[in-house]
Amino acid sequence: MATYAIGDVQGCYDELRALLARIGFDSARDRLWFVGDLVNRGPKSLEVLRFVRSLGDGVVTVLGNHDLHLLCLAEGFAKRREDDTLDAVLAAPDAADLLGWLRGRPLMHREGDYAMVHAGLLPQWSVEKALVLAGEVEAALRAPNYRDFLAELYGSRPAHWNDALEGWDRLRVIVNAMTRMRFCSPEGVMDFHVKSDKAPAGYLPWFEARPPRMEPKIVCGHWSALGLKLTARVSALDAGCVWGGSLAALRLEDGALAQLPCRGYHDLTEE
């Protein structure tokens with residue numbers, strides 16, 4: 001039995017199946033962790049959702065910003081972007097089932113020596129605290145009035161955490177940190193403008209802003225401009241498949257890495 005963490009798929013279904021064949025994935029024996037952003041920009045988001053859902057308990061996937069965008073788009077709370085490739089999902093006869101399944105995915109996952117989140121964690125949050133905060137968002141997404149939350153999801157304010165935050169502002173900060181953040185200050189103020197790997201003045205990559213503490217290694221994605229980054233504290237797995245990079249699979253038991261070169265569907269300069 002092996003557990004493989006997979007980088008951002010973003011609708012690259014053919015590449016995902018080829019990578020799984022390369023690593024010899026056996027759905028009866030092995031498990032898959034997906035770092036989020038199953039959908040969008042690649043050509044086969046519908047096929048990815050159907051396949052990942054079909055794996056049942058053998059898969060864990062956390063929500064990414066593109067996954068949440070799909071949910072908001074389906075409910076009429078987001079505008080279609082020029083590079084969206086989500087029409088097939090929205091028009092599918094099983095769209096309601098797929099979107100309901102996606103809405104039930106966790107924002108963060110912890111198991112053994114690893115914790116997984118799509119983007120990152122603020123310096124003020126231990127992994128244990130972050131899991132509790134993620135649970136608040138998950139409860140809102142699964143509640144009967146989940147549409148009220150999706151209607152308030154978009155926006156970059158507040159840009160920093162405060163334990164006293166309440167309501168939609170509180171949930172929005174949690175979502176933005178866990179699904180959108182790349183850089184933050186040591187005080188936890190987030191920057192949402194810079195997408196390269198060059199930190200703006202006064203900011204650090206989120207994983208460098210976190211104080212050294214004994215905690216699980218964090219598995220994440222989201223940051224294609226950063227590329228693969230494997231350290232003692234973080235395994236960042238977005239190798240930019242949809243941009244012509246590669247799709248990565250990290251075997252968590254021993255750190256073995258497999259990569260499948262991808263032809264790409266967009267120019268990275270569009271990011």
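Q: How many bridges join strand β6 to β8?

A: Two bridges join β6 (residues 183-184) to β8, and these strands run antiparallel. Strands are DSSP runs of E with at least two residues, and two strands pair if DSSP finds at least two bridges between them; β6 and β8 are therefore paired. In this pairing, F183 has P205 of β8 as its bridge partner. The model is predicted, with local features needing pLDDT of at least 70, side-chain atom pairs pLDDT 80 or more, and totals for chains, interfaces and linings using all residues. Residues are numbered from 1 along each chain as its sequence is written, and side-chain values use heavy atoms, without hydrogens and water.

Q: What makes β7 and β8 edge strands?

A: In the open sheet, ordered β7-β6-β8 with antiparallel pairing, β7 (190-191) and β8 (204-205) each pair on one side only.

Q: Why is α3 called oblique to α5?

A: Helix α3 (residues 65-74) and helix α5 (residues 95-103) pack at about 130 degrees, with axes 10 Å apart. Angles under 35 degrees count as roughly parallel, over 145 as roughly antiparallel, 65 to 115 as roughly perpendicular and the rest as oblique, so α3 is oblique to α5.

Q: Which residues of α3 and α5 meet?

A: D67, L70, L71 and A74 in α3 meet L99, L102 and R103 in α5, where contact means heavy atoms within 4.5 Å.

Q: Why do K44 and D14 count as a salt bridge?

A: Their closest N and O atoms are 3.1 Å apart. The definition requires a side-chain nitrogen of Lys or Arg within 4 Å of a carboxyl oxygen of Asp or Glu, so the pair qualifies.

Key. Axes are lines fitted to C-alpha atoms, for helices over the stretch in contact, and angles run from 0 to 180 degrees between N-to-C directions. Helices (H or I, at least four residues) and strands (E, at least two) are DSSP runs, numbered from the N terminus.
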